[in-house]
Amino acid sequence: MMKTRLKWAAGIGAAAMLLSISAASAKTLVYCSEGSPENFTPAINTTGTSFDAARPVYDKLVQFERGSTKVVPGLAESWTVSDEGKTITFKLRKGVKFHSGVNNFKPSRDFNADDVVWSFNRQWKEDHPYAKVSGGKYDYFNDMDMPALLASVEKTDDSTIVMKLNEPNMPILANLAMDFAAIGSAEYADTLLKAGKPEQFDQIPVGTGPFSFVAYQKDAAIRFKANKGYWGEKALVDDLVFAITPDPTARLAKLRAGECHFMIAPRPADLEEMKKDPALNVINQSGLNIAYWAFNVQKPPFDKKEVRQAFNMAIDKAAIIKDVYLGTGTAAKNLIPPTLWSYNDAVKDYPFDSAKAKAMLTAAGVTSLDIDLWYMPVQRPYNPNAKRIAEMMQADLAKVGVNAKLVTFEWGEYRKRAQQGEHMTAQLGWTGDNGDPDNFFFLRGCSAARPGGQNLTKWCNEDYSNKLNKAKASADMAERTKLYEEMQVIEHEEAPDMKIAHSIVYEAMRKEVVGFKQSPLGSHEFQGVDVK
């Protein structure tokens with residue numbers, strides 16, 4: 001490993017400086033990421049940006065095979081399911097080491113069942129010593145109904161965890177492979193608590209993952225080093241650097257200049273030229289995703305179904321797909337993409353019809369209306385340019401007598417404010433976490449409509465949510481499919497949002513990068529990736 005003491009540079013040149021310093025003594029992979037993490041604890045995050053930043057550090061009980069949605073052993077080397085699906089017994093991997101030296105922490109023991117119980121109880125139990133640390137918001141855990149689902153998570157010995165459920169749950173193993181279920185060090189947490197610095201647990205992370213955390217310069221760079229003793233697929237580089245670069249044009253410039261090796265989310269307009277560049281390798285796959293425009297049903301006139309339907313008809317979706325996605329997206333009519341099982345193709349999308357939209361608004365008592373239209377400040381795999389989409393929506397809405405004020409915030413602030421329901425309308429989207437339709441449909445469930453929940457529409461339909469809960473508990477694929485198809489009909493009729501697009505996800509790397517596997521879940525994992 002390099003022994004040079006790094007002086008962190010500010011701004012766009014940070015990654016180049018890091019690369020040049022490390023080149024002489026260690027192999028470095030630089031990833032041009034699109035945004036800054038809110039922190040480094042997945043349990044208190046909901047954005048792919050923050051999950052990506054924490055993912056090198058942590059493991060889960062079960063994990064997705066890199067590049068797929070297949071659930072494979074993680075910190076649990078095996079598991080058995082009994083009691084008609086209500087009891088899962090995990091046998092834990094022995095000899096797994098936590099990272100040493102991070103924040104001067106030196107673990108005195110290996111990973112064991114205490115760490116699993118600690119990690120779940122932090123999100124679940126109000127009397128947990130870390131329950132309120134860093135704001136105490138566990139949106140994923142709550143939105144996925146884990147408090148209602150879990151009966152107990154108990155240690156029977158150092159290498160055995162018994163998880164009991166209140167009812168069978170078909171997506172549970174896939175859910176446990178998601179980032180919110182990452183396992184932290186109970187010993188590290190206790191050390192920080194005794195030192196009066198518990199918040200450092202979420203800012204200076206310690207895990208068992210393929211890379212250990214080194215440093216974070218806010219809005220500039222994150223640095224990791226390889227965990228040489230990692231139990232699983234090894235890191236093939238010595239150092240991993242996230243060069244935080246929100247602008248896609250700047251990311252491409254750095255990629256071409258060799259200042260980074262891999263970049264997320266190129267602009268659709270740049271793809272053809274990128275494909276011609278002999279130094280680059282452009283990859284793509286159909287995204288397991290949805291971009292949508294949410295209407296807050298708690299704010300009139302969006303409490304009226306007819307108004308929400310009219311807004312769907314007021315927007316020229318085809319023009320957005322053509323001008324913004326440039327061939328990298330398809331119009332969406334359901335929450336789930338057509339590639340996912342249970343997709344209901346019988347649902348008919350709302351037509352673009354300004355005259356009918358205006359007439360429906362008038363009939364609903366809306367003759368003139370001022371709204372806010374929130375757009376994301378960052379590029380996402382499902383949405384290449386939220387600001388441009390907002391501008392096109394604004395122009396379309398003016399034609400039906402609606403004055404839309406465009407609003408945005410810093411990315412973390414945007415998400416938090418929207419989840420609290422401060423908006424009237426807001427753009428967001430979703431990339432599936434586990435390949436199960438439940439992972440999309442919960443976005444419109446009643447549990448996720450609470451303040452802070454991920455249902456930005458705040459729409460709660462009991463029929464929809466009852467079917468959602470019934471589908472989770474059913475082991476019958478045909479029954480689940482039928483329920484999900486019915487839910488798509490309900491959600492389309494109620495129109496709590498406007499579905500915009502499902503995108504094709506493009507990413508680019510330099511030719512010398514080998515071994516990267518594009519994930520259908522939108523994650524970026526760099527163990528097993530090398531630089532020639």
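Reader: Happy to dig in! Which residue ranges make up domain 1 and domain 2?

Author: The chain is split into two domains in this predicted model. Domain 2 covers 289–505. Domain 1 is made of two stretches, 28–279 and 511–531.

Reader: How much area do domain 1 and domain 2 bury between them?

Author: Their C-alpha centres are 28 Å apart, and 36 residues of domain 1 touch 37 residues of domain 2. Carbon and sulfur atoms account for 49% of the buried area. The total buried between the two domains is about 2,800 Å².

Reader: Which residues of domain 1 lose the most area to domain 2?

Author: Three residues lead on that side, and together they make up 21% of what domain 1 buries there. They are D143, M170 and P268.

Reader: Which element gives the largest share of the side of domain 1 that touches domain 2?

Author: The interface also holds 18 residue pairs in polar contact. On the domain 1 side, the elements giving two or more residues are α2 (48–54), α4 (139–143), α6 (172–176) and α9 (248–256). The largest share is four residues, and it comes from α4.

Reader: How many charged residues does that side of domain 1 have?

Author: Sorted by class, the side of domain 1 that touches domain 2 has 18 nonpolar residues and 10 polar ones. The charged residues number eight.

Reader: Turning to helix packing, at what angle do α3 and α7 pack?

Author: Helix α3 spans residues 113–124 and helix α7 spans 186–194, with their axes 8 Å apart. D114, D115 and W118 of α3 meet A186, E187 and A189 of α7. That contact divides into three nonpolar, no polar and three charged residues. The packing angle is about 65 degrees.

Reader: One last stop: which residues does E494 touch, leaving out those up to four places away in sequence?

Author: E494 sits in helix α18, residues 477–494. K416 is 78 residues from E494 in sequence, and their C-alpha atoms are 25 Å apart; contact, by comparison, calls for heavy atoms within 4.5 Å. With residues up to four places away left out, the ones E494 touches are K305, R308, W459 and N461.

How values were computed
Residues are numbered from 1 along each chain as its sequence is written. This is a predicted model: local features need pLDDT of at least 70, side-chain atom pairs count only at pLDDT 80 or more; totals for chains, interfaces and linings use all residues. Side-chain values use heavy atoms; hydrogens and water are left out. Domain bounds come from an automatic or database domain assignment. Buried area is the accessible area (1.4 Å probe) that two parts lose on being put together, summed over both. A polar contact is a pair of N or O atoms within 3.5 Å; within protein, one must be able to donate a hydrogen and the other to accept it, and residues adjacent in sequence count only if both atoms are side-chain atoms. Ala, Val, Leu, Ile, Met, Phe, Trp, Tyr, Cys and Pro count as nonpolar, Asp, Glu, Lys and Arg as charged, and the others, Gly among them, as polar. Axes are lines fitted to C-alpha atoms, for helices over the stretch in contact, and angles run from 0 to 180 degrees between N-to-C directions.
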